[in-house]
Amino acid sequence: MIKSMTGFASLTHDDETATIGVSIKAVNHRFLDLQLRVPPLVAAIESRIRGIVQERVSRGRIEVAVSVQQRRTPTLDVELNETFLEALGSALNRAREAGHIAGAMTPGDLLRFPQALSIREKPAEAASDDDLLPRIEAAIRAAVEDLDRMRATEGEFLRADLDARRELLGTVFEQVHAASENGMDGLRSRLEERVRTLRAETLADEALIAQEIAKFVGRSDITEEVVRFRGHLEHWKALSDSPEPCGRKLDFLLQEMNREVNTVASKAEGSAVSELIVSLKAELEKMREQVQNVE
C-alpha cells in the first residue's frame, strides 16, 4: 500500500476538568523516528503512546506534542474575624450607652468593615491522574487516526502519479526492446555480408568466423534484461496493491530497474536505442524522487 510519509493532525479535547491538546507532524525519514513532547503527567503512559503511533506508522519522523491544562473551579472560603468583631461590639455598646448611636448593627453595617470578613478563593481539587490519562490516551489515538487518514489520502495521489509513470516506463522499455530487435536484424545483415566477404578469401577460417559471430550476437542479446525488467514492473504493481508499507521495496526495485537499463544500454544495438535509454533513466529518476515520500 502506498502511503505518504508526510502529514499533520491537531485536535483539542475539552471537558469540565481539563483541556487536552494533541498535535502530530510527520515528515520523511529512512526509519521510524518518534519524538515526544509531553508534560510530566503523561510520562507514565509514554510507552503506550509509542505503541499507538507504531500501530499506524512504520516509517518517518513523527513529532507528537501533548498539552494538558487542568481546569479548576475555585470555591470561596469566608472567614469571620471574631476578635475584631468582639472589640467592635464592645465599642458599639459603649457608644450606645453614651447615647452616641442607637439601634443594632445589621449585616450591611458589618460589610462596611473590611477587617470583619476575610474572603479567599479556595482551589478545588484537581482531577486525578487516573481520570485524566485515559482521556489523554484517547485524544492521542484520535489524532494518530487523523494523521493516518491524511497520509493515506496523499498516498492515493502519489500512487496515481507513480502508476502513470510505471505505465510510461513499461511503454518506453518495450520501445527499446523493439528498437534493439531492429538493430539485431541490421547487425545480422552486416555480419552476413562480412561472412560472404571473408569466404571469398582463401585464408578465412569458417569455424572461427562462426564462433565470433555467435559471441557478438550473444553480447547484443537483451532477452534476459527484458524478462527481468518486465518482472520488476509486475512486482511493483503487486507491492502497490499489498496492505503492507512498501516504500523501501519500491526504492530497491528502482535500483534494480536502473541496473537493467544500464546493461541494456551497453548491449542493445540500434540507432534509436540511445535516445530511448535517456528517456528511461530520466523517468526512473523522477520515480526515485517521488518514492522518497512513500512510507
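**Exercise 1.** Leaving aside its neighbours within four places in sequence, with which residues is Leu-169 in contact?

*Solution.* The model is predicted, so that local features need pLDDT of at least 70 and side-chain atom pairs count only at pLDDT 80 or more, while totals for chains, interfaces and linings use all residues. Residues are numbered from 1 along each chain as its sequence is written, and side-chain values use heavy atoms, with hydrogens and water left out. Taking contact to be heavy atoms within 4.5 Å, and setting aside neighbours within four places in sequence, one finds that Leu-169 is in contact with Phe-229, Leu-233, Met-257, Leu-280, Glu-283, Leu-284 and Met-287.

**Exercise 2.** Describe how helix H7 packs against helix H8.

*Solution.* Axes are lines fitted to C-alpha atoms, for helices over the stretch in contact, and angles run from 0 to 180 degrees between N-to-C directions. Helix H7 (residues 247-267) and helix H8 (residues 273-291) pack at an angle of about 165°, and their axes are 10 Å apart. H7 is therefore roughly antiparallel to H8, a term that applies to angles over 145 degrees. The crossing of H7 and H8 is left-handed, that is, the near helix is turned anticlockwise from the far one by less than a right angle. On the H7 side the contact residues include Leu-250, Leu-254, Met-257 and Val-261, and on the H8 side they include Ile-277, Leu-280, Leu-284 and Met-287. By class, the contact of H7 with H8 has 11 nonpolar, three polar and three charged residues, given that Ala, Val, Leu, Ile, Met, Phe, Trp, Tyr, Cys and Pro count as nonpolar, Asp, Glu, Lys and Arg as charged, and the others, Gly among them, as polar.

**Exercise 3.** Carry out the corresponding description for H6 and H7.

*Solution.* H6 and H7 pack at an angle of about 160°, with 10 Å between their axes, and this makes H6 roughly antiparallel to H7. The crossing of H6 and H7 is left-handed. Among the residues that meet are Arg-228, Phe-229, Leu-233 and Trp-236 in H6, and Leu-250, Leu-254, Glu-256 and Met-257 in H7. The class count for the contact of H6 with H7 is 10 nonpolar, three polar and six charged residues. Arg-228 is partly exposed, with a relative accessible area of 35%, and its C-alpha atom is separated by 9.1 Å from that of Glu-256, 28 residues apart along the chain.

**Exercise 4.** Is Asp-148 buried or exposed, and which residues does Asp-148 touch?

*Solution.* Asp-148 has its place in helix H4 and, at 10% relative accessibility, counts as buried. Not counting residues up to four places away in sequence, Asp-148 touches Lys-3 and Arg-56. Phe-157 is also found in helix H4, but at 62% relative accessibility Phe-157 counts as exposed. The C-alpha atoms of Phe-157 and Lys-3, 154 residues apart along the chain, are separated by 9.3 Å.

**Exercise 5.** How many helices and strands are there in the chain?

*Solution.* Helices (H or I, at least four residues) and strands (E, at least two) are DSSP runs, numbered from the N terminus; the chain has eight helices and six strands. Of its 295 residues, 34% count as buried.

Methods
Parallel < 35°, antiparallel > 145°, perpendicular 65-115°, else oblique. Buried < 20%, exposed > 50% of the residue type's maximum accessible area, 1.4 Å probe, protein only.
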